[in-house]
Amino acid sequence: MIYLTRRERFSAAHRMFNPDLGDDENLELYGQCSNPGWHGHNYILYVTVKGDIDPELGYLINLKRLKDIIIEYVITPLDHRNINTQVPFTSGLLASTENIAVAIWNQLYEPVKKEGAELHSVKIAETENNFVEYLGD
Ligand code: NI
């Protein structure tokens with residue numbers, strides 16, 4: 001089994017906000033991340049796929065195809081958008097890095113499978129110090 005990771009980046013706005021709670025409670029729970037005026041992050045996304053090396057081709061997956069899949073299904077819909085309101089696969093979510101990682105996993109799982117590899121993990125760095133990693137269960 002070989003593992004391969006592709007890194008991509010996107011910049012997006014979000015707000016941590018539970019609509020069942022008032023502004024005060026949200027601010028207490030999420031601090032600055034619940035600022036009603038929104039804020040943004042320069043997210044770094046690491047997508048790891050796994051599988052066997054094709055003995056004839058010498059690789060696990062065509063890297064150009066993997067890049068194109070990530071761009072089409074994740075980066076283009078997310079980049080420079082509002083995660084809470086403008087992205088079909090994250091709109092309505094409580095826009096935590098955890099929930100974004102799961103949503104990205106769901107976007108990528110089938111397209112990666114069609115290329116003959118298996119999605120292993122989706123890792124997101126929201127800041128230099130905070131990472132989230134989702135392995136599918
Ligand atoms: Ni934030």
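# Exercises on a predicted model

Of the 31 residues in the largest nonpolar core, those that touch the most other members are Leu45, Val49, Ile104 and Leu108. The model is a predicted one.

**Exercise 1. Find which elements give two or more residues to this core, and which of them gives the most.**

Step 1. Two or more residues come from each of β1 (2–14), β2 (39–51), α2 (63–78), α3 (97–114) and β3 (118–125).

Step 2. Within this core, α3 gives the most, with seven residues.

Step 3. Take Leu45, one of the residues that touch the most other core members. Setting aside residues up to four places away in sequence, Leu45 touches Arg6, Arg7, Glu8, Phe10, Ile70, Val74, Ile75, Ile104, Val122, Lys123 and Ile124.

**Exercise 2. Describe the site of the nickel ion: which residues coordinate it, and at what distances?**

Step 1. The coordinating atoms are NE2 of His14, SG of Cys33, NE2 of His39 and NE2 of His41, at 2.0 to 2.7 Å from the nickel ion.

Step 2. Along the chain these donors follow the spacing H-x18-C-x5-H-x1-H.

Step 3. The angles subtended by the four donor atoms run from 90 to 137°. Four donors count as tetrahedral if all angles lie between 85 and 135 degrees. The range of 90 to 137° makes the arrangement around the nickel ion irregular.

**Exercise 3. State how many aromatic pairs the structure holds, and classify the pair of Phe10 and Tyr43 as stacked or edge-to-face.**

Step 1. There are three aromatic pairs in the structure.

Step 2. For Phe10 and Tyr43, the ring centres are 4.8 Å apart and the planes stand at 20°, so this pair is stacked.

Step 3. The pair links distant parts of the chain, since Phe10 is in strand β1 and Tyr43 in strand β2, 33 residues apart.

Step 4. Phe10 has 1% relative accessibility and therefore counts as buried. Tyr43, at 1% relative accessibility, also counts as buried.

**Exercise 4. Treat the pair of Trp105 and Tyr134 in the same way: what is its geometry, and where do its members lie?**

Step 1. The ring centres of Trp105 and Tyr134 are 5.4 Å apart with 80° between the planes, and the pair is edge-to-face.

Step 2. This pair too links distant parts of the chain: Trp105 is in helix α3 and Tyr134 in strand β4 (residues 131–134), 29 residues apart.

Step 3. Trp105 has a relative accessible area of 8% and is buried, whereas Tyr134, at 21% relative accessibility, counts as partly exposed.

Step 4. Trp105 and Tyr134 form one aromatic cluster together with Tyr109.

**Exercise 5. For Trp38 and His80, give the value of phi and the loop in which each residue lies.**

Step 1. Trp38 is not a glycine, yet it has a positive phi of about 70°. His80, also a residue other than glycine, has a positive phi near 65°.

Step 2. Trp38 lies in the loop between α1 (23–30) and β2. His80 is in the loop between α2 and α3.

Step 3. At 34% relative accessibility, Trp38 counts as partly exposed. His80 has a relative accessible area of 63% and is exposed.

Key. Residues are numbered from 1 along each chain as its sequence is written. This is a predicted model: local features need pLDDT of at least 70, side-chain atom pairs count only at pLDDT 80 or more; totals for chains, interfaces and linings use all residues. Side-chain values use heavy atoms; hydrogens and water are left out. Donors are N, O and S atoms within 2.8 Å of the metal (3.2 Å for Na, K and Ca); water is not among the atoms, so sites may look incomplete. Four donors count as tetrahedral if all angles lie between 85 and 135 degrees; four count as square planar and six as octahedral if opposite donors are over 155 degrees apart and all others between 65 and 115; anything else is irregular. A nonpolar core is a set of buried Ala, Val, Leu, Ile, Met, Phe, Trp, Tyr and Cys residues joined through side-chain atoms within 4.5 Å. Buried means under 20% relative accessible area, exposed over 50%, partly exposed in between (1.4 Å probe, protein chains only). Helices (H or I, at least four residues) and strands (E, at least two) are DSSP runs, numbered from the N terminus. Contact means heavy atoms within 4.5 Å. Rings of Phe, Tyr and Trp (its six-membered ring) pair if their centres lie within 6.5 Å; planes under 30 degrees apart count as stacked, over 60 as edge-to-face and the rest as tilted.
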